[in-house]
Amino acid sequence: MRTTIKGGEFVIKETLYSEVFIPEEFDEEAKMIRQTCLDFLDAEVLNKLDRIDAQEEGLMQQLMDKAGELGMLGVSIPEEYGGFGKNFNTSMLVADAVGGGFSFAVALSAHTGIGTLPILYYGNAEQKAKYIPKLTTGEWKAAYCLTEPNSGSDANSGRTSAKLNAEGTHYLINGQKMWITNGGFADIFIVFAKIDDDKNLTAFIVEKDFGGITMNPEEHKLGIKGSSTRQIFFNDCAVPVENMLSERENGFKIAVNILNIGRIKLGAATIGSARAVISTAVNYANERVQFNLPISKFGAVRYKIAESAIRLFATESAAYRAGQNIDDAYEALIASGMDEAKAKLKSVEQFAIECAIIKVWCSEMLDYVVDEGVQIYGGMGYSAEAPMERAYRDSRINRIFEGTNEVNRLLVVDMLLKRAMKGELDLMGPAQAVVGELMAIPDFADEDTTVFAAEKKIIANLKKAGLMIAGAAVQKLMMSLSKEQEILMNIADIIGYVYVAESVLLRAEKLYHSQGEEATRVQADIARVYLYSTIEKISAAGKEALYSFGEGDELNMMLVGLRRFTKAQPFNVKDARQRIARKLIEENKYCF
């Protein structure tokens, strides 16, 4: 078993390459599951994209049925309910593989994630026995009803009500939900409502056949047009009291914890989508001839190809690192005697910070990749007849899904600071040590010449920069810091870039030790280019934050510290990107 660490602890602790999981380590069974998903997309989905986007009657349900027959809906469901019982990282791999399936990926993810997991993790024995087997096979499809017209990010302000009937047998639910994925064909709804004058939401399992449910027509959307999205109205919908999910007023906690899972799974899905887009773009660049040369010969195009691959490889490294952390935490909790369902939830909750980072960085990575994909295609990229147009439109929702990226950035800092205040993470000790280091004479010890030693020193210094700025912001702004969203997002950017840069460096280091230097030169280039671009981004975010609250000698001292902590020896990123692009162009696809 790997060394278990706390969520968020990467900020103050060095992680060794031996302690992380990298995608190259998936076993043959996991790879077979992934290949099954890819083969399904090729055979059943990618040849029907126009029909799916047109919402051909019954087509999405048929695809979900076929996916259920192959076991794709039950990879992480326990065997006792008809699933395969695989670990969290394998379920991430499925989300990754299906991620290139456009609207189908959205339908499947909503069903297997936010639609099914609330019952699996919070349901009692009777509820799980009744619903999970049919959700696992796809006989029943699921949807998740949280958002309302006046409660988006502020989910707990929802107005949908639940009132116990006079007989005490049913709750009568009344209210309106919107943006409900799979709403048009779902058999089961996870519905959040407030009982009487409760402060917090309560969750219910609602069957479509309970009655009192009406819907608006399908929403017309910018992208994911094939995904069923409805407004749903509950009018005295009678829900048996035994269909309350978990305890009264526990709904908001359910929503938060399920969204943590949704965030990291969304990140995995964008990885699969980006992989497909890059391969398509590389193939086109090799075929498209201008000025008597394939456009893949031109430096500007090679930059786009390489940078897209760099961002994908880096965020993929972070996603599966966190996925394994969740699995390791789960195993430790089970060993301590915790119930399986509680251990699943607790392990994800422990790494909620990393889940939020991955959601943000992966969704923004995909937006970059599809934008450059359109650009590589040129005028054809803007045509609905070419493959990039759909990818471009479908990508945009990911920065809104599962909590907007702005909300998730704020959550990263909020969760870190709350854990520090609870004594779960010692942030102030290391932050004060960094201030002490600024006052001391710099260390001019002989440079470590072992592999990636210089890069690991950069990571350590970038963490110091983040601690210095976050610590100073807390001390200067105190309780008003929570209102300074721009500064909080600057700090979140520093934390997120550090996490992803460290993840890709650890992956490159682990590959170096397992496969040798020659076989992993390009992966080392990827890690270094990402790291060096991160230095500049952290420097910019750090300056913006310091200028926002610092002043006088203290500001000058911190700016000197920021320059020290973002200092690095020159590295030729152009030549490294050229080597990366050359590899992709030779393989005619994304090949890492």
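UniProt, in an unreviewed entry, places the feature "domain: Acyl-CoA dehydrogenase-like C-terminal" at residues 461–564; such positions follow the numbering used here, feature names are shortened, and annotations may be inferred rather than shown by experiment. The model is predicted: local features need pLDDT of at least 70, side-chain atom pairs count only at pLDDT 80 or more, and totals for chains, interfaces and linings use all residues. Residues are numbered from 1 along each chain as its sequence is written, and side-chain values use heavy atoms, with hydrogens and water left out.

**The annotated span and Asn490**

- Helices (H or I, at least four residues) and strands (E, at least two) are DSSP runs, numbered from the N terminus.
- Asn490 belongs to helix α16 (residues 485–515) and, at 7% relative accessibility, counts as buried. Buried means under 20% relative accessible area, exposed over 50%, and partly exposed in between (1.4 Å probe, protein chains only).
- The side chain of Asn490 reaches the backbone nitrogen of Ala545 at 3.5 Å.
- Neighbours within four places in sequence aside, Asn490 is in contact (heavy atoms within 4.5 Å) with Ala541, Glu544 and Ala545.

**Salt bridges**

- The count of salt bridges comes to 38, where a salt bridge is a side-chain nitrogen of Lys or Arg within 4 Å of a carboxyl oxygen of Asp or Glu.
- Arg275 and Asp96 form one, with their closest N and O atoms 2.7 Å apart. This pair links distant parts of the chain, with Arg275 in helix α8 and Asp96 in helix α4 (residues 88–98), 179 residues apart. Both Arg275 and Asp96 are buried.
- A network of salt bridges links Glu24, Asp96, Arg275, Glu316 and Arg507.
- Glu502 and Lys463 meet in a salt bridge at 2.8 Å, N to O. Here too distant parts of the chain are linked: Glu502 is in helix α16 and Lys463 in helix α15 (residues 453–477), 39 residues apart. Glu502 is buried at a relative accessible area of 4%, and Lys463 is buried at 9%.
- Glu307 and Arg311 meet at 2.9 Å, N to O. They are 4 residues apart in helix α9 (residues 299–335), and therefore separated by about one helical turn. Glu307 counts as buried at 3% relative accessibility, whereas Arg311 is partly exposed at 22%.

**Aromatic rings**

- There are 14 aromatic pairs. Rings of Phe, Tyr and Trp (its six-membered ring) pair if their centres lie within 6.5 Å; planes under 30 degrees apart count as stacked, over 60 as edge-to-face and the rest as tilted.
- The ring centres of Phe21 and Phe26 are 4.9 Å apart and the planes stand at 75°, so this pair is edge-to-face.
- Phe291 is exposed at a relative accessible area of 73%, while Phe298 is partly exposed at 27%.
- The charged end of Lys265 sits over the ring of Phe88, 5.2 Å from its centre. Such a placement requires NZ of Lys or CZ of Arg within 6 Å of the ring centre and within 35 degrees of the ring normal.
- Arg409 lies over the face of Trp361, 5.2 Å from the ring centre.

**Ser273**

- Ser273 is in helix α8 (residues 251–287) and is buried, with a relative accessible area of 15%.
- Beyond its neighbours within four places in sequence, Ser273 is in contact with Gly99, Gly100 and Leu366.
- Ser273 and Trp361 are 88 residues apart in sequence and 14 Å apart in space, C-alpha to C-alpha.

Definitions and conventions:
A polar contact is a pair of N or O atoms within 3.5 Å; within protein, one must be able to donate a hydrogen and the other to accept it, and residues adjacent in sequence count only if both atoms are side-chain atoms.
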